Amino acid sequence: MADVNFEVEQQLHHSGLESDQTGNLWERRALIDLSAIRNNVRQVADLVAPSKVMAVVKADGYGHGAYRVARAALEAGVRWIGCAHVTEALALREQSIDAPMLAWLHTCDTPFGSAIAADIDLGASSCLELGRIAAAARKVETPARVHLKLDTGLGRNGAMLDTLDELLAQAKDYQREGLLRVVGIFSHLAVADEPQRVETDEQLEAFDAAIAKVEAAGFGLEVRHIANTPAILSRPDAHHDMVRLGLGLYGLSPFEGDEPSSFGLRPAMTVQARVANIKKVNKDQGVSYGLHYRTTGETYLGLIPLGYADGLPRIATGAPVSIHGKTYPVRGRIAMDQCVVDLGPDIDPEEYLGATAVIFGENGPSVTEWANAAGTINYEVVTRISPRVPRFYLEGSWGESALEEDDTTGE
Ligand SMILES: *Cc1c(COP(=O)(O)O)cnc(C)c1O
């Protein structure tokens, strides 16, 4: 287990491959600011109180590292942890995350027995799924804790409302047999990132009606939850007992045109690489596969050692990269391992070789600028930063804090 502490370099403007005081070198990295995660939790907790907060850490914490994010979120007062897959939840249990946990996306091969034995709550989206959960509970001789997941309009996972009666009758039988307890009911919103759309009202109405039905049937619910980040920030009437906080936990805004800071949120991830090469080229130099970019005059090209294998979207030609506080667009195709920026003829090559190139985050472009260049959303950009980019965990403000290398991967 790597457990390396070292000082973050005092400034990001050195040339050459920098090393910190303990001799650690880095070439590319994702810095994860855990104090930003904590800040975001507190902002949202204040906003939704007295509703509880579930920190959604699926997909390795949207690329930030599920274990470290879960731990930081719990330290900041979150009560629940949410994962899509049971296997994600089990991995966190193995790392001693013992908070209440929910997983909701299953298949016929989901290890329900292991989940029940590890005290992981299970979403149930159909009678069939409820049956599988009950069968697993019978085998491990432990009652499952179940949250019924309802489709109130998303058309994805979740039980259709016209199957609710059947689902409740079945749940009641299993409950009588001691195989499970229905402790929650939840649903997911389809268009909450577009607050003017009426479908959210319709979903909330349907959800309230379903809650009434479940309660009238005598189930003692602990939690009712439907709000994701956009609904957390725009629909107080959707908060219910608990909200499921994903994107906002990582300090990103789900709304086009609204900065995270307008909600008191701070982006947690910064992706950087050392400028790998600088070279002078003539006018009409073609750049990268396909030669779709040609230089317009004598200029310096900077090589950034990050490509689509690292999670940069291949389509994002033109996306901004920041070096020495200036922004340069990516020119030509993004390749598997690398991409190129045109630095113009006036730079000092010595100063740029080995300099820190910021892809997005602190002192650089926003995740959303990269998302726009790729025709996608900020969710996708951070989530796809690949395991080839080492994660480093940062506490407190830049320049004066200790960095800790990811200690959760490898042996
Ligand atoms: C991913 C997910 C969330 C979190 O959504 P954000 O918009 O990132 O806050 C909440 N609920 C469910 C069911 C999800 O799959």
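**Loops, core and a buried serine**

User: In which loop does Pro-50 lie?
Analyst: Helices (H or I, at least four residues) and strands (E, at least two) are DSSP runs, numbered from the N terminus. On that assignment, Pro-50 lies in the loop between helix 1 (34-48) and strand 3 (52-56). This is a predicted model, in which local features need pLDDT of at least 70 and side-chain atom pairs count only at pLDDT 80 or more, while totals for chains, interfaces and linings use all residues. Residues are numbered from 1 along each chain as its sequence is written, and side-chain values use heavy atoms, with hydrogens and water left out.

User: Is Ser-187 buried or exposed?
Analyst: Ser-187 lies in strand 9 (residues 180-187), and its relative accessible area is 0%. Buried means under 20% relative accessible area, exposed over 50% and partly exposed in between, with a 1.4 Å probe and protein chains only. Ser-187 therefore counts as buried.

User: Which side chain does Ser-187 join in a polar contact of 2.8 Å?
Analyst: Leaving aside neighbours within four places in sequence, Ser-187 is in contact (heavy atoms within 4.5 Å) with residues including Leu-150, Phe-207, His-225 and Arg-244. A polar contact is a pair of N or O atoms within 3.5 Å, where within protein one must be able to donate a hydrogen and the other to accept it, and residues adjacent in sequence count only if both atoms are side-chain atoms. At 2.8 Å, the side chain that Ser-187 joins is that of Thr-152.

User: How many residues are in the largest nonpolar core?
Analyst: A nonpolar core is a set of buried Ala, Val, Leu, Ile, Met, Phe, Trp, Tyr and Cys residues joined through side-chain atoms within 4.5 Å. Among the members that touch the most others are Val-57, Ile-304 and Trp-370. The number of residues in this largest core is 124.

User: What is the relative accessibility of Ser-96?
Analyst: Ser-96 is placed in the loop between helix 4 (86-94) and strand 5 (101-103), and has a positive phi of about 70° although it is not a glycine. Ser-96 counts as exposed, because its relative accessibility is 59%.
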